Amino acid sequence: MALDSGPAHGREALDKLAEEHVDHRFKGLPPDAYGLTVAELAGQRRNLFTGGFTTPVLALSAERLEHNLKLMETYSARHGLAFAPHGKTSMAPQLFQRQIEHGAWGITLAVPHQVRVARAFGVQRVFLANELVDAAALRWISSELDADPDFRFVCYVDSVRGVALMDAALTEAGAGRPVDVVVELAAGERARTGVRTEAECAAVADAVAAARTLRLAGVAGYEGEVPDAGPERVRAWLRRLVALAVAFDGAGRFGGLDEIVVSAGGSAWFDAVADVFAEIPGLSLPVLKLLRSGAYVSHDDGHYRELTPFNRVPEEGALEPAFRLWSQVVSRPSPEQAFTNAGKRDAAYDLHLPFAQVVRRDGAERPATGIEVTGLSDQHAWLRTSADADLEVGDWLGTGLSHPCTSFDKWQLIPVAEADGTVVDYIRTFF
């Protein structure tokens, strides 16, 4: 049975997030706010540092979040790209809505659960950047498509076997509308999912054409998986992807469509995607050049700060890291060592450890000179401190984080704070 998941229901579901009550589920929020609704707490505009918030607490910068949303909206429009940011980064419907308000075509997702979240909050266009062969999930997708003629759903296929499984599940479900699929071209022999050769791509496309329940909508892939990725290797693979679309179009494989989908684009090579997609020749139908970068929404202080294409094209602007994790020094056992009360349960650590940035004491903030995070226990950060580190028990330490996907999924309700610490909103996540 389909969910009530149209735009009106989605707005209602977003509004209901503000009616949720603050309680023990949500880390870092003021204990005296328990029982208030999220809207009531937001309306109090408490200060992150003086308003009763407890450490550790993760905060998003209101100004930097808005800057990043605007920057990618402008970038996509400048390069003639449709934009479906990857929602797995945040799994935050409020951010999905803001991304759509900033021009996004829809939201990219990775697994059926994430699609259910998006639909529950009214997202009308979903690109599933993954293969989908789960019969139960396909029955649900089919029911959503049949119940809502405005719902657009596209997913990967990369094998004849996968096509057969999809067709069997959808046939059994009595699917009324075909499911749009794109052939995923693998980024190389050592890459992740995807079809390895053009000949195999044609075989998969033939299987789709023979399946009543599926419709070939285009081609796609993920250039971030190119082995030994560099500008030339990434562009060469992207040109293979474009050539595949051209070949399929020349063979008449896109009959019955309004547009041909050509999609790529993570958060490390979207400049290459923009350049190569600008080279797509005229095809028999308009081309939806779909970019899927997701980490931009919060950016970070590590992995993506180093890899962002804006480092290569600074004239296009710069993303700003919007996360800061605040913890408190709880132990200073020696001049060379200190511990705060944030650990693996609170901070992303899958790519880099947190980065010590600032120290707060008595309302004053200063750089975290001579302080380095060297390890994480479950609930402690291990700090190495040099002779010039001014750090005492009770100080608040503000750290930057690497890999926003892992940061979001450790926090269910995240304060959004202005530069002076005023908390103006709360972002709810669904992992």
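Predicted model: local features only at pLDDT ≥ 70, side-chain atom pairs only at ≥ 80, totals over all residues.
## Overall form

The chain is built from twelve helices and 18 strands. Its radius of gyration is 23 Å, close to the 22 Å that the globule rule gives for 431 residues, so the chain is as compact as a globular protein of that length. Along the principal axes, the C-alpha trace spans about 70 × 45 × 35 Å.

Of the 431 residues in the chain, 56% are buried.

## The largest pocket

Rolling a probe the size of a water molecule over the atoms shows where empty space is left. In this model, the largest pocket has a volume of about 490 Å³. Its lining is formed by 31 residues, and those closest to the centre are His86, Lys88, Arg192, Tyr222 and Gly266.

Two elements give two or more residues to this lining, namely strand E4 (125-131) and helix H11 (303-307). Strand E4 gives the most, with three residues. Sorted by class, the lining of the largest pocket holds 13 nonpolar, twelve polar and six charged residues.

## The second largest pocket

The second largest pocket has a volume of about 410 Å³. Its lining consists of 22 residues, and Ser61, Arg324, Trp326, Glu418 and Ala419 lie nearest the centre. At least two lining residues come from each of strand E1 (57-61), helix H3 (62-78), strand E10 (323-334) and strand E12 (355-361).

What classes of residue make up the lining of the second largest pocket? There are ten nonpolar, three polar and nine charged residues. Trp326, one of the residues nearest the centre of this pocket, also takes part in the aromatic contacts described below.

## Enclosed cavities

The search of the whole structure finds two cavities of 30 Å³ or more. The largest cavity has a volume of about 60 Å³. Its lining is formed by Leu325, Ser327, Thr340, Ala342, Ala347, Pro354, Val373, Leu376, Ala381, Leu397 and Thr399. Strand E10, strand E14 (371-376) and strand E16 are the elements that give two or more residues to this lining. By class, the residues around the largest cavity are eight nonpolar, three polar and no charged.

The second largest cavity has a volume of about 30 Å³. It is lined by Ser267, Phe270, Ala295, Tyr296, His299, Tyr304, Thr308 and Leu319. Five of these residues are nonpolar, three are polar and none is charged.

## Aromatic pairs

A pair of aromatic rings is described by the distance of the centres and the angle of the planes. Across the whole structure, 13 aromatic pairs are found. One of them is the tilted pair of Phe151 and Phe153, with 6.2 Å from centre to centre and 50 degrees between the planes. Phe151 has a relative accessible area of 1%, and is therefore buried, as this lies under the 20% cut-off. Phe153 is likewise buried, with a relative accessible area of 2%.

Trp326 and Trp396 form another tilted pair, at 6.3 Å from centre to centre and with 50 degrees between the planes. This pair links distant parts of the chain: Trp326 belongs to strand E10 and Trp396 to strand E16 (residues 396-400), 70 residues apart. Trp326 has a relative accessible area of 3% and is buried. Trp396 also counts as buried, because its relative accessibility of 13% is under 20%. Ring pairs join Phe49, Trp326 and Trp396 into a cluster.

## Charges over rings

Where does the charged end of Arg253 sit? It sits over the ring of Phe248, at 5.2 Å from the ring centre. In a second contact of this kind, Arg116 lies over the face of Trp140, at 4.8 Å from the ring centre.

Definitions and conventions. Residues numbered from 1 in each chain as written. Heavy atoms only, no water. 1 Å grid on protein atoms, 1.4 Å probe; cavity = no way out; pocket = protein on both sides within 12 Å on 5 of 7 lines; lining within 4 Å. Points joined across faces, edges and corners; volume = space filled by probe spheres on them. Helix = DSSP H or I, 4+ residues; strand = E, 2+ residues; numbered from the N terminus. Nonpolar A, V, L, I, M, F, W, Y, C, P; charged D, E, K, R; others polar. Phe/Tyr/Trp six-rings, centres within 6.5 Å; stacked < 30°, edge-to-face > 60°. Buried < 20%, exposed > 50% of the residue type's maximum accessible area, 1.4 Å probe, protein only. Lys NZ or Arg CZ within 6 Å of the ring centre and 35° of its normal. Rg over C-alpha atoms; globule rule 2.2 N^0.38 Å.
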